[in-house]
Amino acid sequence: MAVKLKLTRLGSKKHPFYRIVAARDETRRDGRPLEFLGFYDPMTNPADVRLDAEKIREWLGRGAEPTNTVRSLLKKHLG
């Protein structure tokens, strides 16, 4: 079972809001996640990002691969 850290889209049309989740790689974008890890709101200035660093490090330690977008958010906000 390969796990990815990815975004799931919420919000209304033209006002997206994303949750950062751990999900199996074959799961659809808005499918059922294994765990919620934070959120990302690109509509605010600056973009609002809140992450649960402990849970994210735990999933990365288990071998989860972040998508490109999640990887860039992690670099910006976790260092």
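Arg24 and Glu26 form a salt bridge, with their closest N and O atoms 3.7 Å apart. The model is predicted. It contains seven salt bridges in the whole structure. An open sheet of five strands runs in the order 4-3-2-1-5, with mixed pairing. The largest nonpolar core has 14 residues.

**Salt bridges**

- Arg24 is partly exposed, at a relative accessible area of 37%.
- Asp30 counts as partly exposed, with 43% relative accessibility.
- Arg62 and Glu58 make another salt bridge, at 2.5 Å from N to O.
- Arg62 is exposed, with a relative accessible area of 54%, and Glu58 is partly exposed at 37%.
- Glu35, Asp52 and Lys55 belong to one network, joined by salt bridges that share partners.
- Side chains of opposite charge can pair when their charged atoms come close.

- Strand 4 (48-51) and strand 5 (65-66) stand at its edges.
- Each edge strand has a single partner strand, so one side of each is left without a neighbour in the sheet.
- Strands of a sheet pair through backbone hydrogen bonds, either parallel or antiparallel.
- Strand 1 and strand 2 pair in the antiparallel sense, over ten bridges.
- Ser12 has His15, in strand 2, as its bridge partner.
- Strand 3 and strand 4 are also antiparallel, and they pair over four bridges.
- Gly38 has Leu51, in strand 4, as its bridge partner.
- A hairpin of six residues joins strand 3 to strand 4.

**Nonpolar core**

- Leu5, Ile20, Ala22, Leu37, Trp59, Val70 and Leu73 touch the most other members of the 14-residue core.
- Three strands supply at least two core residues each: strand 1 (3-12), strand 2 (15-24) and strand 3 (35-41).
- Helix 1 (53-61) and helix 2 (68-78) each supply at least two as well.
- Trp59 touches Val3, Leu5, Ala22, Leu34, Glu35, Leu37 and Ala64, leaving aside residues up to four places away in sequence.
- Among these contacts of Trp59 are Leu5, Ala22 and Leu37, which are also listed with Trp59 among the core residues touching the most other members.

**Aromatic pairs**

- The structure has two aromatic pairs.
- Phe17 and Phe39 are stacked, at 5.4 Å centre to centre and 25 degrees between the planes.
- Phe17 lies in strand 2 and Phe39 in strand 3, so this pair ties together parts that are 22 residues apart in sequence.
- Phe17 is partly exposed, with a relative accessible area of 26%.
- Tyr18 and Tyr40 have ring centres 6.0 Å apart and planes at 25 degrees, so this pair is stacked.
- Tyr18 is in strand 2 and Tyr40 in strand 3, so this pair, too, links distant parts of the chain, 22 residues apart.
- Tyr40 counts as buried, at 17% relative accessibility; the cut-off for buried is under 20%.
- A pair of aromatic rings is described by the distance of the centres and the angle of the planes.

**Charges over rings**

- Arg19 has its charged end over the ring of Phe36, 4.6 Å from the ring centre.
- Arg62 lies over the face of Trp59, at 4.4 Å from the ring centre.
- Trp59 in turn is one of the core residues that touch the most other members.

- Thr69 lies in helix 2.
- Thr69 is partly exposed, at 41% relative accessibility.
- Thr69 and Arg24 are 45 residues apart along the chain, and their C-alpha atoms are separated by 17 Å.
- Arg24, the other end of that distance, is the residue that forms the salt bridge with Glu26.

Terms used:
Residues numbered from 1 in each chain as written. Predicted model: local features only at pLDDT ≥ 70, side-chain atom pairs only at ≥ 80, totals over all residues. Heavy atoms only, no water. Core = buried A, V, L, I, M, F, W, Y, C linked by side-chain atoms within 4.5 Å. Buried < 20%, exposed > 50% of the residue type's maximum accessible area, 1.4 Å probe, protein only. Contact = heavy atoms within 4.5 Å. Phe/Tyr/Trp six-rings, centres within 6.5 Å; stacked < 30°, edge-to-face > 60°. Lys NZ or Arg CZ within 6 Å of the ring centre and 35° of its normal. Salt bridge = Lys/Arg side-chain N within 4 Å of Asp/Glu carboxyl O. Pairing = 2+ DSSP bridges.
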